[in-house]
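Biologist: I would like to learn how to read a model of this kind. Can we go through the features in turn?

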Amino acid sequence: MINTLMLKKIIKPQTVAALLFLPLAIVSCKKEEKKTVTTEIHPTNDSVKTAKTEEKIDYTDFNIFSLSVISSAEKDSDMDIFISVSDIYKGEQPIPAAIMKNQKQMTYEERQHFELDAPSRKKLLDGIHLTENDSLYIYEYGSNQLQRMPVSQLKAVAYLSPYSDDQDLDPDSYMMGFQVATHQKTTEYDRYTNAIAYFGNQNPFVDNKMKAVKWQKAGADVSKKYFSHSKLALGKTYQSQYENLTYYLQDYLEEGNIAERKLAVINDRKEKIVEKTFSLAESDGGEFLPLYGIDADEANIFQYTGHLFKGKPPVIFGFIAQSFGCPSINFLDQKEKDFPINCDNRH
């Protein structure tokens, strides 16, 4: 069931979890897409406006995360909000020794979810280079809400992966991370749709500069004017606007189905500053997400754009729902590498 872009997972105990794509967190399973193929374009110096800020963020070893929604072992209608950091943790997962030693005597509920003891918590923090003085920043870019939570106030927890064999557990059977909220109802955990998380000592997010991409049909002349050649058959063409930029999106068909989408971004001087290709050929089991304004309404918005990170060019994301792997955030600048979203999407 597709719900958005970044990978958000709803995990039901004793079943192979139902994974929901929830926009960033994105949470979509996941929630954006695989690596994109980028066509080299040489932008002019002022082609893309970079968000101005006095605060300088260090983007070396920068990690962002989706949020997972996990159903309670006791009651399916209750959901826990959890951020797994297993993707960036190096070494054996810090499971308390007593858990592994006594797992056969524990109930499923006891094995499925537990808080880490003090030594395991310290090992987890050290392994991802965090301290108790750092903070968790959750930016709900769909509604422009920012939450800051001190790491010292977060529970370090483990949740059993839905793909683990409950009869033969080892430390890698668990997703390790931090609990954000518990016993959330549907109306409460929906707020984490279209959200992204970061751990550190500075807030990296730009305030109130993201917007949903609403598409409309574009003229047939756009394809020849702005897109590089493709061996695939031409499909429909769409367009949208953000600040001084116009976005054109071109479908390419194989046997009548969309196999590839190309995005061309044009500045107000009619110069193409970037072209990106989103292809299912490199996405194992992935599928294209609906386009808001074309085949999706306001309840199902997947593509977002705007200034998301301080000191960085604008971004866009939400084109492909991943089955395997995690989505990425794409910058509207050829010189900037995509930011992958850590989503612990293990199959």
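Modeller: We take the ground rules, then the overall fold, then single features.

Biologist: What are the ground rules?

Modeller: This is a predicted model, so local features need pLDDT of at least 70 and side-chain atom pairs count only at pLDDT 80 or more, while totals for chains, interfaces and linings use all residues. Residues are numbered from 1 along each chain as its sequence is written, and side-chain values use heavy atoms, with hydrogens and water left out.

Biologist: How many helices and strands does the protein chain have?

Modeller: Elements are DSSP runs, numbered from the N terminus: helices are H or I with at least four residues, strands are E with at least two. The protein chain here has five helices and 24 strands.

Biologist: What share of the residues counts as buried?

Modeller: Buried means under 20% relative accessible area, exposed means over 50%, and partly exposed lies in between (1.4 Å probe, protein chains only). Of 347 residues in the protein chain, 58% are buried. Accessible areas come from the Shrake-Rupley method with a 1.4 Å probe; for residues, only the protein chains shown count as cover. The accessible surface totals about 15,600 Å². Carbon and sulfur atoms hold 46% of that surface.

Biologist: Which residues form a disulfide?

Modeller: The criterion is a pair of cysteine sulfur atoms within 2.5 Å. The structure holds one disulfide. Cys326 and Cys343 form it, with sulfur atoms 2.0 Å apart. The pair links distant parts of the chain, 17 residues apart. Cys326 sits in the loop between strand 22 (320–321) and strand 23 (328–331), and Cys343 in the segment after strand 24 (339–342).

Biologist: Why is the disulfide of Cys326 and Cys343 called left-handed?

Modeller: The torsion about the S-S bond is about -95 degrees, so the disulfide is left-handed.

Biologist: Is Cys343 buried or exposed?

Modeller: Cys343 is buried, at 2% relative accessible area. Cys326 is partly exposed, at 23%. Cys343 also has a C-alpha to C-alpha distance of 8.0 Å to Gly325, 18 residues apart in sequence.

Biologist: Which residues gather in a patch of negative charge?

Modeller: Patches take residues with over 30% relative accessible area and no salt bridge; like charges are joined within 9 Å, nonpolar side chains (Val, Leu, Ile, Met, Phe, Trp, Tyr) within 5 Å. A salt bridge is a side-chain nitrogen of Lys or Arg within 4 Å of a carboxyl oxygen of Asp or Glu. Lys and Arg count as positive, Asp and Glu as negative; His and chain ends are not counted. A charge is placed at NZ of Lys, CZ of Arg, CG of Asp or CD of Glu. Here Glu92, Asp165, Asp168, Asp170 and Asp172 gather in a negative patch on the surface. Asp165 lies in the loop between strand 10 (155–160) and strand 11 (174–184). Asp165 is partly exposed, at 47% relative accessibility.

Biologist: What is the phi of Asp61?

Modeller: Asp61 has a positive phi of about 55 degrees, although it is not a glycine. Asp61 lies in the loop between strand 3 (37–39) and strand 4 (64–65). At 72% relative accessible area, Asp61 is exposed.

Biologist: And where does Asn144 lie?

Modeller: Asn144 is in the loop between strand 8 (135–140) and strand 9 (145–150). Its phi is positive too, about 60 degrees, and Asn144 is not a glycine.
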